[in-house]
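User: I would like to learn how to read salt bridges and cores in a model. Can we take them one at a time?

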Amino acid sequence: MAITIDYVRQIALSLPKTEEVGHWGKPSFRVNGKIYAVVQKDGVSVVVKTTRDEREALTAFEPEIYSVPPNFQRLHYMIVNTERIRKDEFRSVLVRAWRLVASKHIVKAYDEQRST
């Protein structure tokens, strides 16, 4: 099944303290005002927060799924092609992006809740 904007929204809004805010006419997902994902206007690309190391590894090994446009070279974000990624893998990428912007105590509470 394809990953839809509604699926992205469902995952993102299930993560603690996430809010959806418009960003240049596109839905973005944030924690305390910090963006961790933006659905692109093409409906199949989602920009996600990442680390430099993760971005380098993923874009090198799976360039059909992960890419970095030239204007993102200095930013710690990458584009995920939702037509080519499995749902479980996309969920993992989105949760990792959320973890990068959420506070440590929010992440800790989330992890504790999931382990019970």
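User: Which residue forms a salt bridge with Arg9, and how far apart are the closest N and O atoms?

Analyst: Side chains of opposite charge can pair when their charged atoms come close. In this predicted model, Arg9 pairs with Glu20, with 2.7 Å between the closest N and O atoms. Asp6 is linked with Arg9 and Glu20 in a network of salt bridges.

User: Is Glu20 buried or exposed, or partly exposed?

Analyst: Glu20 is partly exposed, at a relative accessible area of 34%. Arg9 is also partly exposed, at 24%. Within the antiparallel pair of β1 and β2, Glu20 has Phe29 of β2 as its bridge partner.

User: Which side chain meets Asp111 in a salt bridge?

Analyst: That of Arg99, at 2.5 Å from N to O. Asp111 is in helix α4 and Arg99 in helix α3, so this pair ties together parts twelve residues apart in sequence.

User: Which residues touch the most other members of the largest nonpolar core?

Analyst: In soluble globular proteins, nonpolar side chains tend to be buried together. Here the largest nonpolar core has 30 residues, and Tyr36, Val48, Phe90, Leu94 and Trp98 touch the most other members. Helix α3 gives the largest share, seven residues.

User: What is Leu94 in contact with, leaving aside neighbours within four places in sequence?

Analyst: Its contacts are Val8, Ile11, Ala12, Leu15, Tyr36, Ala37 and Val48. Another core, of six residues, lies apart from the largest one and includes Ile35, Val47, Phe72 and Ile79.

How values were computed. Residues numbered from 1 in each chain as written. Predicted model: local features only at pLDDT ≥ 70, side-chain atom pairs only at ≥ 80, totals over all residues. Heavy atoms only, no water. Pairing = 2+ DSSP bridges. Helix = DSSP H or I, 4+ residues; strand = E, 2+ residues; numbered from the N terminus. Core = buried A, V, L, I, M, F, W, Y, C linked by side-chain atoms within 4.5 Å. Buried < 20%, exposed > 50% of the residue type's maximum accessible area, 1.4 Å probe, protein only. Contact = heavy atoms within 4.5 Å. Salt bridge = Lys/Arg side-chain N within 4 Å of Asp/Glu carboxyl O.
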